[in-house]
Amino acid sequence: MPLFLGIDSGGTKTACVLGDEHVILGRGVSGGSNVVRVGEAQAKQALAEAVRESCRAAGRSPREIVRTVMGSAGAARAEVRKFLEQTLAELVAGEIRVVGDMVAARHAAFGDGSGVVVISGTGSIAYGKNEQGETARAGGWGWAISDEGSGPWIGRIAVAAIFHAQERGQVSALESAVLHAWQLADTEQLVRAANATPPPDFGSLLPEVVAAAAAGDSSAQDVVARAGRELAQLARTVATRLFPESDSARVAMAGGVFGHAPLVRDAFCHALLEGLPRIVILSALAEPVLGALDLARQSPS
């Protein structure tokens with residue numbers, strides 16, 4: 001039986017699945033391989049580790065693979081796509097196709113059917129397709145000008161909330177949690193760390209924000225609710241554009257924020273249903289790597 005490979009290339013994690021026409025044979029996981037965020041050297045290393053791990057788990061060789069599909073942010077940029085294609089060609093045999101991460105995620109949720117997927121992880125984006133095959137996207141333009149509701153965005157807004165509370169003469173529970181997470185002594189050090197070049201890993205603060213919100217901290221709860229509203233707005237933008245005659249489109253979620261922060265997921269669902277009460281939100285999170293594998297199994301068009 002021919003072998004197929006699906007890869008989900010993220011900013012913090014690379015997932016790889018090897019399968020034949022019917023079943024999954026092996027999985028591999030490594031660090032981030034989004035070349036825009038981690039650079040070429042780390043991306044190459046992470047991809048090699050994930051591919052080899054999935055093949056070892058299956059007891060098969062990368063040279064047996066007949067088709068590979070990778071979903072990666074930034075794939076629309078020709079130089080990014082070319083780099084990834086060349087890197088994969090050094091690792092595996094067969095045909096290679098690099099698509100946007102949102103394409104793989106949407107396919108994981110809906111296959112060839114219609115629907116909108118919202119991804120929240122290292123970045124954020126909404127992407128959909130309707131029955132006529134028309135597509136649309138919202139967000140995903142990079143951390144400096146976009147990525148609302150993503151892990152780094154949540155961490156950055158949470159740090160800002162600490163100082164807003166301080167200006168009002170209040171002390172947020174977020175303050176001690178963030179200082180501890182970044183091993184800082186006080187807010188003066190926090191100011192310097194938050195404004196450092198290159199920027200710190202704001203996404204690492206997501207667990208602290210969610211824990212503080214769950215414990216009842218109002219500042220953290222506001223951040224979580226705002227993240228949900230921002231992600232819901234991405235979904236509404238795409239859904240109303242692709243399904244103008246109906247508010248009952250299907251919406252799926254994908255990405256580490258939705259996976260590890262149920263409070264953000266709940267806030268997103270609440271905000272989306274407020275504006276589009278007939279929207280159908282899939283409860284199971286989409287796995288982009290499985291969408292990539294299924295695309296690899298399909299004959300190229």
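Me: Which residues is Ser-30 in contact with, leaving aside its neighbours within four places in sequence?
Reply: Ser-30 is in contact with Thr-12, Lys-13, Thr-14, Ala-46, Leu-47, Glu-49 and Ala-50, where contact means heavy atoms within 4.5 Å. This is a predicted model, in which local features need pLDDT of at least 70 and side-chain atom pairs count only at pLDDT 80 or more, while totals for chains, interfaces and linings use all residues. Residues are numbered from 1 along each chain as its sequence is written, and side-chain values use heavy atoms, with hydrogens and water left out.

Me: What does the side chain of Ser-30 reach?
Reply: It reaches the backbone oxygen of Ala-46 at 2.6 Å, a polar contact (a pair of N or O atoms within 3.5 Å; within protein, one must be able to donate a hydrogen and the other to accept it, and residues adjacent in sequence count only if both atoms are side-chain atoms).

Me: Where is the place of Ser-30, and is Ser-30 buried or exposed?
Reply: Ser-30 is in strand 3; helices (H or I, at least four residues) and strands (E, at least two) are DSSP runs, numbered from the N terminus. Ser-30 counts as buried because its relative accessibility is 10%, buried being under 20% relative accessible area, exposed over 50% and partly exposed in between (1.4 Å probe, protein chains only).

Me: And Ser-33, where is its place?
Reply: Ser-33 lies in the loop between strand 3 (24–31) and helix 1 (35–38), and at 0% relative accessibility it counts as buried. The side chain of Ser-33 is joined to that of Ser-9 by a polar contact of 2.7 Å. Not counting residues up to four places away in sequence, Ser-33 touches several others, among them Gly-10, Thr-14, Ala-46 and Leu-47.

Me: Switching to cysteines, how many disulfides does the count come to?
Reply: The count comes to zero disulfides, taking a disulfide as a pair of cysteine sulfur atoms within 2.5 Å. For Cys-16, the nearest cysteine sulfur is that of Cys-55, 6.8 Å away.

Me: Is Cys-16 buried or exposed, and what about Cys-269, buried or exposed?
Reply: Cys-16 counts as buried at 1% relative accessibility, and Cys-269 also counts as buried, with a value of 19%.

Me: Now the open sheet of five strands: what order does it have?
Reply: The order is 8-7-6-9-10, with mixed pairing, and two strands pair if DSSP finds at least two bridges between them. Strand 8 (135–139) and strand 10 (280–281) are at the edges with a single partner strand each, so one side of each has no neighbour in the sheet.

Me: How many bridges join strand 6 to strand 9?
Reply: Four bridges join strand 6 (residues 115–120) to strand 9 (residues 250–254), and the two run parallel. Val-117 stands opposite Ala-252, and Val-118 has Met-253 as its bridge partner. Strand 9 also pairs with strand 10 in the parallel sense, over two bridges, with Arg-250 opposite Val-280.

Me: Why is strand 9 largely enclosed by the rest of the structure?
Reply: Strand 9 is described that way because four of its five residues are buried.

Me: What do strand 4, helix 3 and strand 5 make?
Reply: Strand 4, helix 3 (residues 78–89) and strand 5 make a right-handed β-α-β unit; right-handed means that, with the strands pointing away from the viewer, the path from the first strand over the helix to the second runs clockwise. Strand 4 (residues 65–72) and strand 5 (residues 95–99) run parallel and are joined by five bridges, one of which pairs Arg-67 with Glu-95.

Me: Where is Ala-89 found, and is it buried, exposed or partly exposed?
Reply: Ala-89 is in helix 3 and is partly exposed, with a relative accessible area of 41%. Leaving aside neighbours within four places in sequence, Ala-89 is in contact with Arg-63 and Ile-96.

Me: Last one, how many residues has helix 9?
Reply: Helix 9 (residues 218–242) has 25 residues and reaches 36 Å from its first C-alpha to its last, close to the 36 Å expected at 1.5 Å a residue, the expected span being 1.5 Å times one less than the number of residues. At its start, a side-chain oxygen of Asp-217 comes within 3.3 Å of the backbone nitrogen of Ser-219, and Ser-219 counts as buried at 8% relative accessibility.
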